[in-house]
Each structure stands twice: as structure tokens, then as C-alpha cells.
Amino acid sequence: MLFNSYPFIFLFLPVSLFVFFAIGSRGHHRVAIAWLIGVSLFFYAWWNPAYLGLLLASILFNYALGISLSSEGHSSSRKWLLIFGIAVNLSLLGYYKYANFFVDNINFVFGDILAVEAIILPLGISFITFQKIAYLVDAYKGETKEYNFLHFCLFVTFFPQLIAGPIVHHREMMPQFARDDLYQLSVRRHAVGFTIFTIGLFKKVVLADGIAAYATPAFHAADSGIALTFFEAWAGALAYTLQLYFDFSGYSDMAIGLARMFGIRLPLNFNSPYKSTNIIDFWRRWHMTLSRFVRDYIYIPLGGNKKGPVRRHVNLMVAMLLAGLWHGAGWNFMVWGGLHGGFLIVNHAWRSLFGGRAATTRMGRAFGWTVTFLAVVAAWVPFRAETITGTKSIWFGMIGANGVSLEPEALRVLGRFGEWLQGLGVTFDGIFAHVAGAKPEVAGSWLLALMMFVLFLPNTQQLMRNYHPAFETYKGEIQRLRWRWMAWRPTVIWANLTMLLFVFDVLSLTKVSEFLYFQF
Amino acid sequence: MNKPAAKPNSSLLSRLRSAGPATISSRLLGKGPVTPSERQFAAYLDTIGIGAVVLLTIIILMNYLVDPYSIFGSPSWEGINANKPELFKHLRLTKAYAVKTRKPDALVIGSSRTEHGLDPEHPALFPEFNTYNLALNGATIYENLRYFQHANAERRLKKVVLAIDFFQFNAYRPNAPDFTEKRLSSDIHGDKRKIAIITDMLETLASVDATTASLKTLFQQANRDNVILPRGQVEQPDKEAIVMMHGGRHEAALYSELNYVTHLFFPRPHKKFDFVSEDGSTNTFDYFRRILEEAHRSKIEFYMLISPAHARQWELTASTGLWDKWETWKREIVRLNEEIAQERRRPPFPLWDFSGFNTYTMEALPVLGDKETMMRWFWESSHYRKELGDLVLDRVLNYSDPNRPIANDFGVLLTSENVEKHLASIREAHQRYRQSHREEVKEIDDLVKKYQPH
């Protein structure tokens with residue numbers, strides 16, 4: 001089930017909230033938790049009931065393993081148990097997510113020697129696997145306490161974070177489930193949670209889906225082998241950059257808001273990443289719970305920065321390549337991870353050479369922002385394109401190698417100047433000649449408006465700062481608002497704004513397609 | 001969370017009553033105590049809950065009553081919602097529902113030429129039949145097929161006039177963005193099926209698009225650029241003035257021709273013209289075949305015609321290098337018509353060709369910059385006026401009106417016997433046209449040279 005759907009908003013959410021508090025406030029805490037697990041499983045099964053068994057089996061397996069890992073015993077046998085547990089989780093992920101990719105590559109190199117049916121990826125398996133590995137590792141280290149089975153089930157299945165994160169850590173979730181005031185109906189939590197959810201829904205259905213109307217056809221054209229011209233390529237890359245941010249951060253906001261309605265805090269996942277002035281900073285602001293996991297469970301176990309500068313850079317690259325592969329089974333994700341690994345190495349080298357002096361001046365920060373943003377935009381291209389051809393089409397287009405094209409009407413309007421441009425190789429096939437249904441003025445205004453949005457507006461958690469909207473991964477990262485009057489409070493004005501935003505969200509869940517045939 | 005939770009059963013009214021004037025003013029100004037009370041949070045949630053329900057109800061009610069896409073059959077009030085300017089952008093939605101409610105037993109189908117030019121109330125079609133103009137602007141032949149099947153599933157059709165255009169058979173032209181299979185009452189094999197209208201209902205009652213459409217309808221009652229008549233024909237009462245404002249007939253012709261070069265003949269992104277797509281997934285003659293097969297199966301009185309267009313259009317066809325393909329297209333249409341009839345052991349359907357160079361299509365075009373002279377038969381080189389459409393229907397349906405005689409050279413009944421001779425005569429007429437209209441020919445050739453994709 002999707003958060004941005006009618007059945008979720010108007011049936012699933014109200015019913016699960018109502019029953020949870022109806023049971024919980026009468027003192028039946030375990031029944032309330034069981035209810036929450038039940039609706040979470042229903043939420044998961046809505047998409048594909050066949051994989052429900054898989055989810056349940058994996059919960060039982062990991063819980064049992066966690067218990068034996070945290071009990072006293074021979075350290076070597078516990079170590080093997082841990083390796084076994086991680087291997088089982090990874091092979092499950094490997095089978096569902098990477099088998100097709102692996103077979104395709106073998107077949108590509110050695111000819112068609114293997115045959116395998118297309119495997120459908122169970123929803124959220126990447127997120128769930130990470131959470132469980134972290135749990136097993138911590139159980140092995142003795143950092144987990146005796147966890148209640150129901151609480152463990154809820155930790156894995158809790159629907160707000162089940163399919164797309166934030167990637168929660170048992171250490172921050174389990175204690176919350178044990179709190180007694182969880183079951184008290186609290187208007188405060190509902191007000192805060194609903195507001196965050198409404199903002200997140202707006203980011204998804206209005207902003208992300210709005211700009212996707214340009215990004216999708218642009219990448220589709222590039223992937224089908226068409227060489228995009230300068231403006232098409234830039235608009236496509238920028239549109240996707242914005243779409244992904246609003247989509248994913250909107251989803252995270254919705255998750256945080258929904259969890260809050262049940263009295264649970266989730267970790268912060270996005271913190272205005274496109275305001276970053278360097279790549280290291282970017283990774284402290286983008287998909288923060290993923291970078292935290294990669295740091296704690298890949299980079300540091302590899303040795304982190306403790307084994308000299310060369311090993312440190314190798315570790316960084318390995319961690320980023322794996323992070324790329326985690327996003328999806330494809331070479332394009334490896335390219336993306338590799339690029340970011342490279343960016344991070346350059347960033348660290350730059351820091352050790354100049355000690356971050358440039359960042360103190362205004363010009364330095366502007367330069368840093370520009371370089372960072374361009375690098376991030378360029379790296380999203382292979383992340384989104386399904387083929388190498390698509391990536392090349394957009395990258396070449398962005399540097400002008402596929403030519404520049406203007407509107408046919410411009411040739412008439414510009415007269416002599418137009419013909420001079422034509423002589424230089426500028427064509428007049430239309431600014432967005434290869435992008436079906438795109439209008440330059442519409443796409444242009446969307447891009448401009450959304451850039452302003454990500455660069456100059458405060459983010460959700462800044463607005464909600466006084467109400468501790470989420471766990472901070474790095475202390476103090478939820479910055480103060482520059483304009484304090486903007487801070488959210490339960491006032492009449494905020495209530496009406498949120499109400500209008502919610503109504504607008506609901507009305508934006510669906511669209512009427514239109515077709516304007518050329519005419520006067 | 002040390003404050004006591006508000007009692008779940010405390011009503012909104014009692015909360016409002018207990019909130020003194022001080023609380024209310026501080027709430028308005030947002031300068032409440034440092035930690036707002038539970039009561040304030042409760043009031044916050046009440047405002048959102050009640051406000052959202054009220055606002056959504058008002059919006060849905062408004063969209064239902066204004067009915068901007070004309071699908072609920074809501075009453076029509078003069079000066080409020082009688083004129084629906086938003087319809088024109090959503091014809092595929094509107095016409096699909098019009099078929100469901102009107103259940104026509106006779107149709108006129110085709111592309112925008114048909115939509116503007118062929119009158120469903122022509123005396124040979126109406127009132128004997130409940131005729132509807134189900135033509136769709138810019139339609140691919142696939143869209144024509146599906147809407148024809150939709151109407152035939154809603155009610156067995158008795159009489160159909162199908163007007164076809166060359167560009168409709170380009171396999172690289174996608175269906176319009178507002179085309180969707182989901183709302184059609186027949187599957188691709190012509191079998192009736194139940195359809196879910198929930199998506200269309202949600203879209204047209206509770207969406208931002210529908211709401212803006214309603215508001216535009218309310219505030220743009222004077223906008224009569226495109227009026228959709230009750231029987232589906234599109235009328236453009238202000239078109240004459242608009243065309244003149246935009247630079248006159250000649251300018252309009254050039255604009256339309258430019259659109260043929262950059263969009264209709266060579267649509268983005270492939271910029272190609274072919275009857276079968278490269279990957280073989282689309283074969284437009286196959287869709288045409290399905291129309292004829294269903295017409296035979298349902299024993300419909302079926303007429304076909306190739307639309308007239310101004311002579312400049314045929315010069316454009318030659319100049320873009322599509323002339324041979326255009327001839328192939330006609331041969332194939334003729335062949336399929338006879339082949340399918342033979343398979344079904346029925347006579348082939350009458351197929352009339354109004355294209356080429358004749359009394360009407362050679363009508364003189366006013367010179368560039370002339371913003372006063374109108375044309376009698378055409379809007380520009382692609383779209384003909386209803387006046388010419390009446391003659392087309394007179395010819396096809398064998399109807400004669402003493403007030404409007406038809407020139408003898410208008411309309412040729414095509415069969416496999418005369419098709420080659422007919423094509424040769426159009427070729428000759430084209431050569432003569434090139435001789436006698438050197439200026440116009442050069443103008444079109446220049447336009448093609450400048451804009452044709454390489």
C-alpha cells in the first residue's frame with residue numbers, strides 16, 4: 001500500500017490508529033502492539049501476499065539467532081553463528097535482488113549458459129535486511145538487551161518505515177515500544193505527526209510528481225537511444241535531481257509523521273542535502289540513515305580511517321560501491337556509487353591539503369556549493385538512466401556535444417540573427433523536440449520554483465524543531481530557523497494552512513490528462 | 001508528555017466554550033504560552049478535520065454541479081455553466097461518456113477534419129438515426145478503432161461514416177495523452193466488458209484539475225473558442241476573428257503546414273513515418289482491418305472516405321517525400337476493403353476519395369498579410385469548413401439538395417479496378433498545379449527544407 005493513496009489515507013490509517021488507541025488506552029498493551037503488527041503485515045501483504053511468509057520466516061529466524069548470539073557461550077561458536085546469520089540474510093537479499101543481474105552478466109560474458117525466471121523483488125527487502133544485520137551484529141557484541149518478541153516483530157514490520165525507511169536501529173526503536181505512555185491518546189502527537197505527514201505528502205504528490213512529468217519522458221527518450229540536446233539534457237538531469245529529493249524526502253517525512261501519530265519517533269533521514277557546500281556534507285544530509293549504516297557496518301569494520309590514508313580511501317570507495325549496489329542490481333548504480341566514492345576521496349584530499357579554509361569566505365562557499373551540486377546532478381544521471389546509452393545521451397547533451405536546439409518559431413522571430421545561429425550549428429527543431437509533451441515555459445518555471453524551494457526554504461524538521469520531530473544522527477543538525485516566526489505552533493493560522501495543504505494533497509492524488517490539439 | 005491527555009469524549013463545543021477570550025486571541029496571534037496546552041492541540045486537530053471535510057464537500061459538490069467535462073449530466077444554467085470551454089482539452093473523456101449516456105446508433109468518426117467538418121445532423125443521418133460525431137482531434141487509427149468498438153458495445157450501430165487521413169496511419173504517432181483503454185466498454189476483440197469508472201469519478205470530482213476546470217468554466221462563460229455541440233461536432237464561432245487576428249488565412253495555412261512537418265507527419269521523438277513500427281509492435285493497417293471486420297460482423301451500413309484537404313496539403317505531401325507512401329496507403333486501403341469483404345462474403349464498403357486537385361481543394365488562398373479575405377471552403381490547408389463537409393456527406397450518402405450542387409470532379413469511388421488510373425490522374429494534376437502555382441510551391445518547399453528533421 002502506498003502512503004499517497006486513497007485507501008491508505010482514508011481507511012487504513014484512521015482504522016489502525018483508532019483501534020490501536022481504543023485497545024491500548026484500556027490497558028491491553030500487548031494486544032495493541034499485536035494489532036499494530038497485524039496492520040503492518042496487512043500493509044505489506046496488500047502489495048503481494050505471497051511474500052508475507054518470507055517476511056515472517058525471516059523475523060523468526062533472526063529473533064532466534066539474536067537470542068542465541070546474546071547468550072553466553074563459546075566466542076568462536078558465536079562468531080560462526082553471526083557469520084551464518086549474516087550470510088543467510090545476505091543470500092536472501094542476493095537471491096531476490098541480484099540473481100537476475102548476476103545471471104545476465106554471466107550470460108553476457110560466456111554466452112547464454114544460464115537460465116533463470118525473472119524474480120520479483122520483495123518490497124523493502126533491502127531496508128529490512130540492513131536492519132536485521134545491524135541487529136545481529138549488535139547482539140553478537142552484547143549490545144542488545146533481552147528483547148521482547150512482540151517488540152522485535154514490531155521493530156521489523158512497523159509500517160511507516162517498512163518499505164522505504166528511514167533505516168531504523170533497534171537501539172532507538174526498542175526502548176520506545178516499552179514506554180507506557182505510548183498507549184495514551186495524545187492530541188499533541190497527532191497534531192505534530194499529522195502536520196509532518198501533510199508536508200511530506202505535499203512534497204510527494206505535488207512537487208515530486210509535478211516535476212516527474214518532465215524527468216520521466218526525458219530519460220525515456222535518452223534510454224531509447226535519442227541524443228538529447230543541450231537544454232533537454234540539463235532540464236532532464238535537474239528535473240530528476242529535484243524529483244528524487246522531493247519523492248524520497250517527502251516519503252521520509254510521511255514516515256516520520258505517521259510514526260509520530262503512534263507516539264514513535266523515527267530518525268531524521270534528509271536535512272536539506274542540496275544546500276551542502278561539499279560532498280562530505282552532502283552525505284551527512286542525504287539519506288542519513290543509510291550513510292549511518294554504511295559507516296557503522298561497512299566502513300568502520302573495514303578499518304575506517306585507522307589504517308592509513310591509502311586504506312582509508314580504498315575503504316571509502318568499497319563502501320560507496322556497495323552503497324551503490326544496494327540501491328539496485330545494475331552497473332549504473334555501481335557507476336553512481338563509484339562516482340560518489342571518487343568525489344569523497346577528492347573532498348578528503350582537498351581538506352587535508354587546504355584544511356577547509358576556502359569554506360570560510362562567501363565566495364568559497366558559493367564555489368563549493370556549485371561544484372558539489374554539479375557533481376551530484378551529474379551522478380544522478382547514471383542512477384536514473386536504465387542504459388549506458390541513456391547516460392551518455394544526457395551527459396553529452398549537458399556539455400553541448402549533442403547540439404543546441406531552439407523553438408522553430410524563434411527562427412522567424414530572430415530573422416538574420418537566427419540564420420547566423422543556424423550557421424553556427426544551432427538547430428530550430430524545438431527546445432524540447434525529443435521530450436514528449438514537455439513545454440519549455442512550464443518545465444522552466446517548475447525547475448526554477450523547486451530550486452528556490454530546496455535552496456532557500458527551511459526544511460520540515462526546522463519548522464517543527466520545537467517538537468523534536470525526529471532523532472538526530474549528528475547532534476545539533478536540525479538547524480535553528482532564521483525567521484523564528486515561521487516555527488510551527490498549534491495556532492489557528494497553522495491549522496488552516498495545514499488543512500488547506502491537506503485538501504490540496506488529497507485533490508492532487510489523481511490527475512485528469514488533457515490533450516490540446518494544435519490550433520489557433 | 002506530562003500534561004494529561006484531553007478526554008476523548010470532550011466535544012468540540014465544550015472545548016470552545018471553556019477556551020476563554022484570552023486563549024482565543026493568543027491563539028490567533030500565535031503568541032501562546034511557551035508550551036501550548038493540550039486544548040490548543042485539540043483545537044488545531046478539530047480545525048483541520050472539520051475544515052477539510054467541509055472544504056472537500058464543497059469542492060466535490062461544485063465539480064459535480066458545474067460538470068466541466070460534461071459527464072454527470074448536471075443541469076445546464078445559461079451564463080453559469082452552459083458553455084464548457086474546458087471540454088475541448090478532454091474530448092476523449094467527454095465523448096466516451098457521451099456515448100454511454102446517449103447510446104447513438106449512427107456515428108461519424110475520424111480525426112479533427114471530421115470533428116469540425118462533418119455534421120451529425122446531416123439530413124441523411126438525422127433524425128432517422130441518433131447520430132453522434134465521435135471523431136477525435138489528432139486521432140490515430142487505433143483510437144478510432146477503440147471508440148468505434150466502445151460505441152458498438154454500448155449499442156449495436158446501424159450506420160457509420162468513417163473519414164480517414166493519411167497521417168492517422170503513422171505507426172510512430174502515439175495515442176493522445178488523454179486516451180485510456182480503461183473507460184471503453186469493449187475490449188480490443190470487440191467483446192463487451194464491464195468497466196470501472198471509479199478512476200474517472202475521482203479524477204473528475206476530487207482533483208485539482210477538475211477544480212480548476214470548474215472555476216475556469218464559471219469564469220470563462222464568454223469563451224466560445226471551441227464549442228462542443230450536443231452531438232459531438234466541434235464548432236468554433238470565433239475562429240474567423242481569431243484566424244484574422246493571427247495574420248489571416250495564409251498565415252494560418254503556413255502554421256498548419258509547419259505542424260504537419262514537425263508533428264503530424266514526423267512526430268517526436270522518432271521523427272519517422274511508417275505504417276508498421278520498427279519493432280513490429282504497431283501495424284496501423286491491422287487496426288484498420290479490425291474496424292472493417294467488426295463493421296461486417298455487426299452488419300453495419302458502413303461508408304468510408306478519404307478527407308478532402310487543400311491542394312497545398314498534397315504539395316506538402318510531395319515535398320516531404322511522402323508522395324509514394326501516400327499512394328501505397330490508398331492502394332492498401334482499397335485492397336483491404338475488398339479482401340475483407342471477400343472473406344466475409346459481403347460486398348465491399350463504398351470508399352470515396354476527396355483528396356487531390358479539384359474545384360474545391362484548388363480554392364485560391366489569400367496572399368500573405370491579407371487579414372480580411374476569407375475562404376469559402378477551408379480554414380487552412382488541412383481543415384475544411386462545414387460547408388464543404390455537407391457536400392462530402394451529400395456525395396457519400398447519395399443525398400441531393402437542390403440548393404447546393406456538387407461539382408462533378410469532387411469525390412471518386414475507389415475500387416481495385418480504377419485505383420491506378422485515379423492515382424495517375426492525381427499525379428498529372430499535381431504537375432499542372434506545380435506549373436500554375438509556382439510561388440506557393442516554392443513557399444512550401446522552402447518551409448519543408450527549413451524545418452524537416454534530418
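A residue is called buried when its relative accessible area is under 20%, exposed when that area is over 50%, and partly exposed in between, with a 1.4 Å probe and protein chains only. The model is predicted, so that local features need pLDDT of at least 70 and side-chain atom pairs count only at pLDDT 80 or more, while totals for chains, interfaces and linings use all residues. Residues are numbered from 1 along each chain as its sequence is written, chains are lettered from A and ligands numbered from 1 in the order in which they are written, and side-chain values use heavy atoms, with hydrogens and water left out.

**View 1. Strand 6 of chain B and its two partner strands.** Helices (H or I, at least four residues) and strands (E, at least two) are DSSP runs, numbered from the N terminus. Strand 6 (residues 301-306) of chain B is largely enclosed by the rest of the structure, because 5 of its 6 residues are buried. Two strands pair if DSSP finds at least two bridges between them. Strand 3 (residues 159-164) of chain B pairs with strand 6 in the parallel sense over 6 bridges, and among these residues Leu305(B) is the bridge partner of Ala163(B). Strand 7 (residues 351-353) of chain B also runs parallel to strand 6, joined to it by 3 bridges, with Leu351(B) as the bridge partner of Met304(B).

**View 2. The interface of chain A and chain B.** Counting as contact any heavy atoms within 4.5 Å, 52 residues of chain A are in contact with 62 residues of chain B. The area buried between the two chains is about 5500 Å², of which carbon and sulfur atoms give 69%; buried area here is the accessible area (1.4 Å probe) that two parts lose on being put together, summed over both.

**View 3. The salt bridge between Glu38(B) and Arg188(A).** A salt bridge is a side-chain nitrogen of Lys or Arg within 4 Å of a carboxyl oxygen of Asp or Glu, and the rule finds 1 across the interface of chain A and chain B. The side chains of Glu38(B) and Arg188(A) meet in a salt bridge at 3.5 Å, N to O.

**View 4. Thr211(B) and its surroundings.** Thr211(B) lies in helix 8 (residues 208-219) of chain B, and its relative accessible area of 11% means that this residue is buried. Leaving aside neighbours within four places in sequence, Thr211(B) is in contact with Leu507(A), as well as with Ile59(B), Met62(B) and Asn63(B).
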